[in-house]
Amino acid sequence: MSIESIAGLFIVVVGLGLIAFFSLPRMNKTKPVFRPIPAFQRLRRGIGLAVEQGTRLHISLGKGDLLSSNNSSALVGLTTLERIARLSTASDRPTIATSGNGSLAILSQDSLHAAYRIANATEQYDPDRGRLAGPTPFSYIAGMLPVVRNEHVSTHLLIGNFGPEIGIVTDEAGQQSSFTLASSDSLPAQAVLYATAQEPLIGEELYAIPAYLQAGTIYNASVRAQDVLRWVLAGAILVGAILKLVGVL
Amino acid sequence: MRNPVATAIAIAVGLTILAGYFIPLGILTNVRTYLLDWAIGLAGMASLVAIINLLMVHARKVRDQREPDRYSIFLILAFLATFIAGIVLGPASSVFHNIITSIQIPIEASLMAVLAISLTYASLRLFKRRKGWMAVLFVVSTVVFLIIGSGFLTFGSQVPLLRELLGAINMLPIAGARGILLGIALGGLTTGLRILLGADRPYSG
Amino acid sequence: MQTADLIWTIVGFVLTLLVLSLILGDNPLFRLVSYLFVGLASGAVAVIAIYQVIWPKLILPILRGEYLTLIPLILSVLLIAKLVPRLSFLGNFSMAYLVGAGAAVAVGGAVMGTLVSQTNALITPFSLKTAAASGNLVSQIAEGGFILIGTLATLFYFQFSAKVQANQNIQRSQFIETAGKFGQAFIAITFGALLAGVFGSSIAALVERLAFLLTAFRF
Amino acid sequence: MADIRCSNCQTLNPADATLCKNCGQPLLDESISWLDDLRGGSESAAWEETETAAKANQEAQPNEDIPEWLQRIRQRSQTEPEKTGQVSPTEGSTENQNDWLSNVQQTATDSAASSAPSADDDWLQSLRSSKAPVGDEPSGTLVSSLDRLSSEETQADLPDWMANLEPLKSGAEEKPDELLSASSTDWASRFGEEEPPTGTPGAPVDDTQDWLSRFSQPTDGLNSEPGANEDWLAGLQAATGSLAGANDAEISPAGEETDWMSSLRNPDLPGEAQLASLKSEESSTGEKESLSWESELPADLPVQEQTAETADWLKKFDSDEPPSNEDQSISPIDSERSGETPDWLSSISDQETEQPAAPVEGEPSIEPGDESQAVPAESVPDWLKNYTPDEKPEPPVEPVAPISEEPQEAGFSWQSLSIPAEASLVNNDESDELSPFATANLPDWLNQEDNGSPRLPYDEQLIPQPDSTGSSGGQSPFTGSDLGEWLDESSLATPAIPAGGSQPATGGDQPLEAAEMPTWLQSMRPIEMVAPKQTPTEEKHVEKAGPLAGLTGVLPTEDLVGQYIKPPIYSVKLRVSEKQRVHASLIESLISDETQAQLIPADRGETPRRILRILVAVLLMLVIILPMLNLLPALPASDILPQELVAFEQIMSDESILAQGSPVLLAVEYEPGLSGEMQTASEAVIKQLSNRGIRLTIIATSPTGPILAQSLIEKAGYQSDQVVNLGYLAGGSTGLQSFSMAPAQAAPATLQGALASWNKGVLAGVSSLKDFAAVIVLTDDPDKGRNWVEQVQPALASKPLLMISSAQAAPLLLPYYNSGQVKGIITGISGAAGYEGLIQSKGTATLLRTPYQYAMLLTALLILVGGLVSSIITSIARGKAEKEA
């Protein structure tokens, strides 16, 4: 068993332990405080406005393959979709979800269904609201453009794995004067979104979306575990550098 | 708990594959290989199911009484033409090949070309959306790397200092990129662990 | 040029112009092209999925006598139930399998693919052996140190946990705030470099398309 | 009266006080203090009595309470001797009312009456309620009269009137005593039918049948004679008083019931019941006494009867009455003794014919009450206007009017109480002072009762005036009419004995002086004005009901207007603190802000943005096309080549690594959209591989990758037998990992669908990835590039992993070169151009380099200029905003 495997297993076990620990009720007696991210405040306003104005919320889950290592952003997008759909079941126009991958399209339908079931509005659930925009990255963009233009969408949430071509969508959304909160685990996409999106989330802020939307205790615990692991990783890097410099490694 | 059987399946499959990552046991590795191979087949079927669902959505759009989407018919026709040609002639046939190279490539490449204009236009108006020194640094960095990327600097060989400087500048993005990648990895780790703990169940529709 | 090639060239030429018309704004012609494109891409992916995935991964093994493959085949059949709303719950088991596998891949990829490998890459420049081998010991360690600081600063910038100060402001520790500022600078530089790269790719596509338009009919 | 005891806090307040100086409670309902005075006991004692009395009444056995009652009376008699002189006037007046009632009986359209015994009992039992508000007596009259008027006048009165009746019915239903409940419901039902109440006397009718018949003649005569307005007025004034008697007689059960319900079982009722039972035996004899000389009197018989009656009973009391207190009252008594009664009566009749309103003016008891005094004169015309003279009951009582003058010559306290009480029916009805004023009769009557109780013989002589008590019980219709509201007030948990009932008790300590009368009026008036809600409800109905209201024409102003205008008074009197005002103004300002149209920042509009976009597109296209057309000079190639590019070229040129005919794995990981850049970037490398006869194995993790790879090698002129296209590897990084571990299992088939022949043909000697001489990855996605580095590179052993990257992925792939995981990288068009320069080959990259460089530089310039311009505009706008601020 290589040292990399041991280190990897250690990180996984520590991560599991931290999430379980921060999920304990006694650890949540006082609500954890996270740094303010203005984009989330505007997102809440956008959701409220969409519900009030009877416009639509659009969540796009990206093109990430569920079996690729970059699928975690899509999983966060699914959690966000369920949360947002639950918040906006009262809206005249239900939330719509698009994705650039078949597996994500099916999961988006499941998440929407779960949201409507939790809100006791299963009869309002429409599978067509979770659809595949296009099976390839560019066809996904081309399939999203009609949604941005013609579906009375006032708020777009782009959460997932995108390519730089997502800039076409954010530019179109800007022309439609609709609110756009975008985040991706793809760095080129992040750079493009920083330049074109109304409210971009940088880097791992994507993974904190459920916690900032008060989706549940487990998500707060996840973010707190992420912060602890950050320090563990930083310490490991410094120790590793010193050991490397000393010649131990 | 919603859908306990499905949750158990997800946790069992996930933990088994994860164990195969770190524990070098022959049986674990073989099981993990099989499970992933099946997952690949499932993903292919999921893509097919999602495409059929996409066609059903557009078929309903065509028949929609209130807001019929006339363009959807072209989507369905294009799908049928490509699908039939591909199934009948095979993906290696010249017709299917031309469909991709002579239709898909021009469209996608043109979209990429449109992206160039969209990005340039968006960058012009960047300071309307972004304020502060980070935005300024972002623009400066963009301009600098555009110039470097263009290969316009032809006098580098004559100026040794410039060569060193360019080498150092090329190193700058690496630091930020590594930090972002590490952070994303941490987020991906906790997200995956939530599913393995059964806390996130996007499949329990 | 053969007639077929000419036809395909004309098709490509027209499609390029129609898509570039998006620069002038949304128009029916672009909509038509975009719908055609989605349909075409879906058809192509469906064909490739059948030929390259479903056939070799789910059916061919059974024909070979690997009946264990019946498990994913059954799961795939259950997945088809997702097309029928009343029976869609049957597909949940297949999706649970996929999500579980995807989560394991995400964790494994994040830990082994990024955390471990990137950490290894961060500390590698501090190896005196390799530095001595490269013959540029100081510059390599200085470069490694610079990247290390930049990486850690960027990592600290994303720290979420904070505390409520006496003035009711939610703030992180002074160290984190200071490190975060450096991290922001590195992030801005990285994003600038990445955007420049995207510009390079998109401009390359524009150049290639314009070159195609100019040379399409130059026989 | 000296002081008014607050019913709430028992604090003594000045006579003219309207609200308690201690608790602010209106001082009208003095029942508690009155009860205390009567019993000389505490309120708690009163409550105990209340319980016992309630039981006693329910059992209808008043005898049990006699000793208790007499005991109390004796106690009171020691302290209030002077009140005895005030007893008979009440009796006289009430008897007179009963006489008049007989007339009403004759003239009433509806003469239906309840059975004699029951009605008799009712009427006798009404004595019990003599403690109940006598002051309500005229009120009851007003109610009954209003019923008549309301049926004739505007329908506007009906709502109030009906409102008064509803509570009565409800109260009647709650009456425990069957007899009383029967009669009360009967009475109530008659009200419900809007029938003239005068047409339903019970006991009085039977008791006085014979002599009532004699009254009919003069009454009719009076009716026939053309009377002036004054006569009408006098008649009506008397009528109201007599109507009260009528109502008293008929509605006494209801009145008693009202006491029952409202006074929370008045403890004294048993005693009163006993008194009533004793008096009922002698009632007829009293009437016969009056009849004995009534025959001599013609038309004004009722007056004579009353005066004679007065004389009779005055004889019994003159010895008891303290001269000091009753100086004024003695002289008339003396004159009466000396047989001057006829003169006195004649003088009354003269004054009556001359000026019926005069006595009102000269009425000492009314002097202070200027308002009540002035009202009749004004109200007469009103009455003529809105009152049609078809009222038959009024004329018979015309003679009664002069009686109101009695006090002038004979300042009998009882007269000053009883007669003005009738006069005030006219005056005070409109001024809402009637019932409080009239209530003064009740205590006097009680005092007489107290006084007489010690000496039973006198009591027996008192008994012949049961009708007086019956008349005093006549307030019952009024109280009965207010039964429902009484019930409402019973929630106050204070024995809701009619307010006036306590007045004599409190004022009984000293002889009642006429000068005190106005204080009653004054003290009552503001109570209704200031605290209308606190005012006992029966007074409201006094205002609403009664012919006098109609007579004075104040019915609409007092009843309707007063009633409908009061609610706004509450709102006006809302006490709003400064803090509340501030909050209110704050809310108002907030609302006003909301209603104000918000300034929407002017939208630049879509057109300028579109023009700018088109301008940018045109500029970019120009700088790309012009060099292609050689209209712009070509830029010199960069002689600064990236290390990764140089490293790539070194590996490609290394024969030991890429020997002739060695197998190479080519991963095509880019989208069709970037095929232009990727084909240009990889063109030179593919040509190199082709030239060396490299066996090429193609695989892709993107669906279109294999087809793009096919076109790539076709362009490069690759021979098909040197290439095997394994097609699409599904599963992303997972599939790639499987492929790295077991390539034959992960990619079993080719793009054509045939089984891939591993270890054969193109794949000869290749069973795992490390068997490939090199792996070249063409990617536009850093994630895919990273997947190859993370998943495949470890399986390559020492074999090189090279990358041809799109410009957008290069910044993230460079670290892998620095880490040594990737041995060389070619980045985009500029890198390919540099590579072509290295291998001295001119390909597409070299051709496209100049337009590409121009476009990149122009983009950099546009971003710089755009940034500067927008920052300047922003700073200018900020400056403007600061100036405006």
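This is a predicted model: local features need pLDDT of at least 70, side-chain atom pairs count only at pLDDT 80 or more; totals for chains, interfaces and linings use all residues.

Q: How many helices and strands does chain C have?
A: Seven helices and two strands, as DSSP runs numbered from the N terminus (H or I, at least four residues, for helices; E, at least two, for strands). From the N terminus on, chain C reads α-α-α-α-α-α-β-β-α.

Q: And what's the accessible surface of chain C?
A: About 8300 Å², with 70% of that belonging to carbon and sulfur atoms (Shrake-Rupley method, 1.4 Å probe; for residues, only the protein chains shown count as cover).

Q: Switching to chain A. What's the strand order in the open sheet?
A: E3-E2-E1-E4-E5-E6, six strands with parallel pairing; two strands pair if DSSP finds at least two bridges between them. Strands E3 (130-132) and E6 (199-201) of chain A are at the edges with a single partner strand each, so one side of each has no neighbour in the sheet. From one strand to the next, the twist averages 15 degrees (axes are lines fitted to C-alpha atoms, for helices over the stretch in contact, and angles run from 0 to 180 degrees between N-to-C directions).

Q: Which helix packs on that sheet?
A: H5 (residues 137-150) of chain A, touching E1 (56-62), E2 (96-99), E3 and E4 of chain A; contact means heavy atoms within 4.5 Å. The direction of H5 makes about 175 degrees with that of E1(A).

Q: What about chain D, what order do the strands take there?
A: E5-E4-E3-E6-E7-E8, an open sheet of six strands, with parallel pairing. E5 (723-728) and E8 (824-827) of chain D are the edge strands, each with a single partner, so one side of each is left without a neighbour in the sheet. E4 (residues 695-700) of chain D pairs with E5(D) over four bridges, and D:Thr697 has D:Val724 in E5(D) as its bridge partner.

Q: Rings now. How many aromatic pairs are there over all chains?
A: 19, where Phe, Tyr and Trp (six-membered ring) pair with centres within 6.5 Å; planes under 30 degrees apart are stacked, over 60 edge-to-face, and the rest tilted. One of them is A:Phe34 with A:Tyr212, a tilted pair at 5.8 Å centre to centre and 35 degrees between the planes. A:Phe34 is in the loop between H1 (3-22) and H2 (38-53) of chain A and A:Tyr212 in H8 (residues 209-212) of chain A, so the pair ties together parts 178 residues apart in sequence.

Q: Are those two buried or exposed?
A: Both A:Phe34 and A:Tyr212 are buried. They also belong to a cluster linked by ring pairs, along with A:Phe40 and C:Phe160.

Q: Last topic: which ring does A:Arg35 lie over?
A: The face of C:Tyr157, at 5.4 Å from the ring centre. A charge sits over a ring if NZ of Lys or CZ of Arg is within 6 Å of the ring centre and within 35 degrees of the ring normal. In chain B, the charged end of B:Arg32 sits over the ring of B:Tyr21, 4.4 Å from its centre.

How values were computed:
Residues are numbered from 1 along each chain as its sequence is written. Chains are lettered from A and ligands numbered from 1 in the order in which they are written. Side-chain values use heavy atoms; hydrogens and water are left out. Buried means under 20% relative accessible area, exposed over 50%, partly exposed in between (1.4 Å probe, protein chains only).
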